[in-house]
Amino acid sequence: LRAHLAHASGGEGEALALVDLLLENCPVLSATDGLGAFRASWRVWQDDAAMLEKRHGKALSPGGLTVLRILRGDERTLTSLCRQWYELVLAQLLFSQPHLRRSELEPLVNAAIAAYPSEENYGSYDYVLLAVMLDDPKQALDQVAGTCGRGWLLCHLDGLLSHAGQVE
């Protein structure tokens with residue numbers, strides 16, 4: 001963005017400078033502020049991004065406009081750029097709903113799956129990831145067993161997770 005900003009002129013230069021400023025002021029979740037404060041500041045930031053697009057979007061090149069739409073979490077833009085359901089979930093978590101708790105993930109995952117309904121695009125690891133994202137440990141283990149067999153990975157999964165500090 002800054003490389004383009006250095007070569008931009010006129011209205012696009014001004015618009016890119018505002019996008020750069022928007023990025024610099026992107027809210028960051030901190031342990032001291034808490035999730036409620038982050039959600040509020042995220043909504044304000046997204047409103048600022050939408051206002052920036054409304055006022056200066058015509059001055060941006062198509063690529064610059066796409067960057068701004070990604071940053072503000074525009075669903076249509078994210079869906080058009082993602083090729084798989086899990087890419088869309090991650091893009092939405094990064095750019096439109098970074099404040100979601102794990103327990104709030106299911107509707108987002110289901111919407112992403114609905115956006116990519118063709119099961120021929122789904123590999124066996126997609127189903128493992130889906131079970132993990134939906135917080136279904138039994139289904140995740142069944143999918144791992146179906147994908148990798150009931151060998152080494154399943155036998156040592158508890159030890160791997162324990163060494164990673166993920167289970168006690």
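Modeller: A helix here is a DSSP run of H or I covering at least four residues, and helices are numbered from the N terminus. The model is predicted. I take the region around helix H6, which spans residues 85-95 and holds Gln92. Buried means under 20% relative accessible area. Gln92 counts as buried because its relative accessibility is 7%. Beyond its neighbours within four places in sequence, Gln92 is in contact with Glu75, Leu78, Gln97, Pro98 and Leu108.

The loop between H6 and H7 contains His99. His99 has a relative accessible area of 16%, so this residue is buried too. With neighbours within four places in sequence again left out, the contacts of His99 are Leu35, Phe38, Arg39, Trp42 and Glu104.

H6 is also one of the elements against which the buried residues of H8 pack; the others are helix H7 (105-115) and helix H9 (137-148). Helix H8 covers residues 124-133, and its buried residues are Asp126, Val128, Leu130, Ala131 and Met133. After H8 comes Asp135, with a positive phi near 55°.

For contrast, consider Arg55, which sits in helix H3 (residues 34-56). Its relative accessible area is 62%, and Arg55 is therefore exposed, whereas Gln92 is buried at 7%.

Definitions and conventions
Residues are numbered from 1 along each chain as its sequence is written. This is a predicted model: local features need pLDDT of at least 70, side-chain atom pairs count only at pLDDT 80 or more; totals for chains, interfaces and linings use all residues. Side-chain values use heavy atoms; hydrogens and water are left out. Helices (H or I, at least four residues) and strands (E, at least two) are DSSP runs, numbered from the N terminus. Buried means under 20% relative accessible area, exposed over 50%, partly exposed in between (1.4 Å probe, protein chains only). Contact means heavy atoms within 4.5 Å.
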